[in-house]
Amino acid sequence: MTVLDSPIPRFHLAMPVDDLAAARHFYGEVLGLEQGRSSDTWVDWNLHGHQFVTHLAPARAQRIHNPVDGHDVPVPHFGLILTVPEFHKLADRLRAAGTAFVIEPYVRFEGQTGEQWTMFLLDPAGNALEFKAFADDSQVFAA
């Protein structure tokens, strides 16, 4: 059984870094993690089957946001990668509870490699959470 076949949910964790080149060296070369998608402000890493993302955040203010697809993504954030039906069930449950989304549920990379549903919200303490679901689960780490 592979990680992608596992019934145990994989985690998604995003952490701020102040130097993407140093992060690429450490996570890619020192730790030997496989790099996935990236931009000039973030890099996806395969952390033993879990999606770990380093986001550029030179000044660690109380609230950090990175521009992604026209949205201000809160960093750090964490969450789970769900199935598409589980994602929509959770989104409906959150809406029914009156949850204020930081980023409403929507599809990223539609029709492209890595197509995914995503949504962001804050817990009562202000911690940012992202829940996502991939159209093709084998593309979680596709570049």
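## Secondary structure

Helices (H or I, at least four residues) and strands (E, at least two) are DSSP runs, numbered from the N terminus. By that rule the chain has two helices and 10 strands, and along the sequence they follow the pattern β-α-β-β-β-β-β-β-α-β-β-β.

This is a predicted model: local features need pLDDT of at least 70, side-chain atom pairs count only at pLDDT 80 or more, and totals for chains, interfaces and linings use all residues. Residues are numbered from 1 along each chain as its sequence is written, and side-chain values use heavy atoms, with hydrogens and water left out.

## Overall dimensions and charge

The radius of gyration, taken over C-alpha atoms, is compared with a globule rule of 2.2 Å times the number of residues to the power 0.38. The chain has 15 Å, which agrees with the value near 15 Å for a compact globule of 143 residues. Along the principal axes, the C-alpha atoms fill a box of roughly 45 × 40 × 25 Å.

Of the 143 residues, 42% are buried (under 20% relative accessible area; exposed is over 50%, partly exposed in between; 1.4 Å probe, protein chains only). Contact means heavy atoms within 4.5 Å. Among contacts between residues at least 6 apart in sequence, 54% join residues at least 24 apart.

The chain carries 10 positive and 18 negative side chains, and the centres of the two sets lie 5 Å apart. Lys and Arg count as positive and Asp and Glu as negative, without His and the chain ends; each charge is placed at NZ of Lys, CZ of Arg, CG of Asp or CD of Glu.

## Largest nonpolar core

A nonpolar core is a set of buried Ala, Val, Leu, Ile, Met, Phe, Trp, Tyr and Cys residues joined through side-chain atoms within 4.5 Å. The largest one has 10 residues, including Leu-82, Phe-87, Phe-101, Met-119 and Phe-131. Helix H2 (84-96), strand S9 (116-122) and strand S10 (128-134) each supply at least two residues of this core.

Leaving aside residues up to four places away in sequence, Met-119 touches Phe-87, Leu-94, Ile-103, Pro-105 and Leu-129, among others.

## Two buried positions

Leu-33 is found in the loop between helix H1 (20-30) and strand S2 (34-38). Its relative accessible area is 9%, so Leu-33 is buried.

Val-73, in strand S6 (residues 71-75), counts as buried because its relative accessibility is 5%. Beyond its neighbours within four places in sequence, Val-73 has contacts that include Ile-64, Val-68, Ile-103 and Phe-120.
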